[in-house]
Amino acid sequence: MHEFDYFKPPNVEAALKAATEADDPSFLSGGMTLLPTMKQRLAAPSTLVDVTGIESLRGIEPRGEQGLWIGAATTHFEVSASEVVSGFCSAVGTLAGGIGDPAVRHRGTIGGSVANNDPAADYPALILGMNAIVETSKRTIRGDEFFVGMFETALTDGEMITGFEFERPNRASYAKFPNPASRYAVVGVFVAEFANGSVRVAVTGAGSDGVFRWHAAEEALVDEFSERSVQNCPMEDVDMMSDIHAAADYRAALIRVMARRAIINTVRPKG
Amino acid sequence: MNKTRFTVNGRQVTCEAEGRTLLVDYLRQQLRLTGTHVGCDTTQCGACMVHVDGKAMKSCTLLVAQLEGSDVTTIEGLAQGNGPHSVQAAFKEHHGLQCGFCTPGMIMSAVDMIRRHGEALTEDVIRHDLEGNICRCTGYVNIVKSIKAAAKDMSGQTP
Ligand SMILES: Cc1cc2nc3c(=O)[nH]c(=O)nc-3n(C[C@H](O)[C@H](O)[C@H](O)COP(=O)(O)OP(=O)(O)OC[C@H]3O[C@@H](n4cnc5c(N)ncnc54)[C@H](O)[C@@H]3O)c2cc1C
Ligand code: FES
Ligand code: FES
């Protein structure tokens with residue numbers, strides 16, 4: 001690892017100031033992606049601004065009647081163990097509890113995962129599948145506008161994610177086919193149906209440009225919310241990843257299988 | 001240089017080092033606590049597992065600078081009193097190791113999962129929760145057996 005300066009500011013203002021004054025800063029949250037990348041010298045920031053000391057970035061709270069807020073520096077473990085989360089929508093905790101292994105979940109955070117936008121990460125499927133609101137130090141961005149491409153997001157230089165706001169779905173579920181070594185998604189599908197009858201289907205792990213929506217499945221599920229609906233509907237026209245783990249056509253087939261599993265597992269949340 | 005104050009196995013330490021100093025290197029090279037191992041470069045093997053504020057974490061992917069005010073426990077700090085910790089005893093009893101390289105990490109993960117699940121720790125849960133620990137020798141069967149026995153042994157007491 002190359003040498004860098006390390007700061008752990010107590011609030012957002014101080015963090016943004018430290019980032020502005022540095023040559024080539026990076027925010028550091030759980031470090032479960034950034035530190036391995038730095039150890040391999042694939043990244044060499046001049047300054048790390050640790051966001052985990054910022055109290056306003058941590059926690060899980062109900063928002064209004066139907067909403068949920070999760071702070072950017074909240075760990076995967078905290079999300080998976082939270083009763084507020086399981087009461088809101090059990091699929092959220094299930095997704096967080098399926099990330100990596102216990103040690104990664106004790107440290108890794110939702111903000112770091114979403115900012116990183118790894119094409120095989122789990123949280124992007126939740127943010128896009130719920131069209132969640134991404135709150136940043138500057139503005140709010142909807143899930144639909146946030147993910148730009150592989151490892152690319154709408155975040156600009158020095159813009160910090162502070163939290164996420166979710167609207168309660170009628171029912172939702174996440175199914176993933178994990179890579180047996182890393183647990184990252186070979187394919188993961190998040191399915192959600194909302195009070196107004198709309199359905200969203202978000203697919204991670206498969207697309208060369210990262211997470212995407214499977215629009216034909218969404219339309220078919222509005223007509224009939226059943227696993228039969230996705231059996232024959234046309235696949236989204238995106239470039240599928242093809243690698244040592246899975247060929248493109250296998251990934252396309254897995255999307256259908258994972259979508260069916262998610263639909264079958266769908267549970268109506270309490271309350 | 002960063003100055004970080006925290007505890008290791010109950011002892012107050014102050015580490016003055018470059019920001020890039022990893023916890024595992026500080027433990028092994030400065031404190032000479034060499035029970036914490038390094039088995040990979042990719043945060044996947046779990047040989048470096050320690051507890052930070054009571055939770056299992058991989059010390060190869062933690063900067064000392066991130067730990068101000070934390071309590072770190074390593075394999076050396078697990079046993080209380082004269083005898084080994086119940087999980088250590090169970091690994092011995094059930095032959096939960098061969099070469100022993102992965103063992104400190106396995107034991108630190110085992111204690112963590114017994115803490116989280118208590119008596120609800122089934123074989124399925126053990127296997128699932130060992131996803132962050134790799135063993136190249138045993139095939140895991142005796143590791144799982146050891147953890148199951150330790151969890152049973154320890155029911156009712158604080159791990
Ligand atoms: C062994 C292993 C297995 C894993 N398995 C999975 C898996 O199955 N599924 C999965 O989804 N992920 C997996 N991960 C990744 C893990 O979920 C990471 O925790 C996550 O991707 C990054 O979160 P972090 O908090 O650790 O972020 P960091 O590593 O600290 O940061 C990641 C990036 O986000 C930026 N960043 C961090 N916080 C903010 C913020 N608030 N605002 C703006 N930018 C920010 C950083 O600058 C950096 O570029 C795995 C990781 C490991 C090591
Ligand atoms: S050395 Fe830490 S996970 Fe392998
Ligand atoms: S006993 Fe040799 S690696 Fe596990």
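User: Thanks! Let's start with chain A. How many helices and strands are there in chain A?

Analyst: Chain A has 11 helices and 14 strands. Keep in mind that this is a predicted model.

User: How compact is chain A for a protein of that length?

Analyst: Its radius of gyration is 18 Å, close to the 18 Å that the globule rule gives for 271 residues, so chain A is as compact as a globular protein of that length. Along its principal axes, the C-alpha trace of chain A spans about 55 × 45 × 30 Å.

User: And what share of chain A counts as buried?

Analyst: In chain A, 51% of the 271 residues count as buried. Looking at contacts in chain A with a separation of 6 or more, 61% are between residues 24 or more positions apart.

User: What about buried residues in chain B?

Analyst: They make up 45% of its 159 residues. The C-alpha trace of chain B spans about 45 × 30 × 25 Å along the principal axes.

User: I'm curious about helix packing. At what angle do α2 and α3 of chain B pack?

Analyst: Helix α2(B), residues 86–93, and helix α3(B), residues 103–117, pack at about 125°, with their axes 10 Å apart. That angle makes α2(B) oblique to α3(B). Their crossing is right-handed.

User: Which residues meet there?

Analyst: From α2(B) you have B:V87, B:Q88 and B:F91, and they meet B:T103, B:I107, B:A110 and B:V111 of α3(B). By class, this contact has 5 nonpolar, 2 polar and no charged residues.

User: Switching topic: how many residues does each chain put into the contact between chains A and B?

Analyst: Chain A gives 22 residues and chain B gives 24 residues.

User: Which element of chain A gives the most?

Analyst: That's α6(A), with 5 residues on the side that touches chain B. Elements of chain A that each supply at least two residues to that side are β1 (5–7), α2 (34–39) and α6 (102–107).

User: And what classes of residue make up that side of chain A?

Analyst: The side of chain A that touches chain B has 10 nonpolar, 5 polar and 7 charged residues.

Methods
Residues are numbered from 1 along each chain as its sequence is written. Chains are lettered from A and ligands numbered from 1 in the order in which they are written. This is a predicted model: local features need pLDDT of at least 70, side-chain atom pairs count only at pLDDT 80 or more; totals for chains, interfaces and linings use all residues. Axes are lines fitted to C-alpha atoms, for helices over the stretch in contact, and angles run from 0 to 180 degrees between N-to-C directions. Helices (H or I, at least four residues) and strands (E, at least two) are DSSP runs, numbered from the N terminus. Angles under 35 degrees count as roughly parallel, over 145 as roughly antiparallel, 65 to 115 as roughly perpendicular and the rest as oblique. A crossing is left-handed if the near helix is turned anticlockwise from the far one by less than a right angle, and right-handed if clockwise. Two residues are in contact if their C-beta atoms, placed from the backbone, lie within 7 Å. Ala, Val, Leu, Ile, Met, Phe, Trp, Tyr, Cys and Pro count as nonpolar, Asp, Glu, Lys and Arg as charged, and the others, Gly among them, as polar. The radius of gyration is taken over C-alpha atoms; the globule rule is 2.2 Å times the number of residues to the power 0.38. A residue is buried if 20 or more other C-beta atoms lie within 10 Å of its own, exposed if 12 or fewer, and partly exposed in between; C-beta atoms are placed from the backbone.
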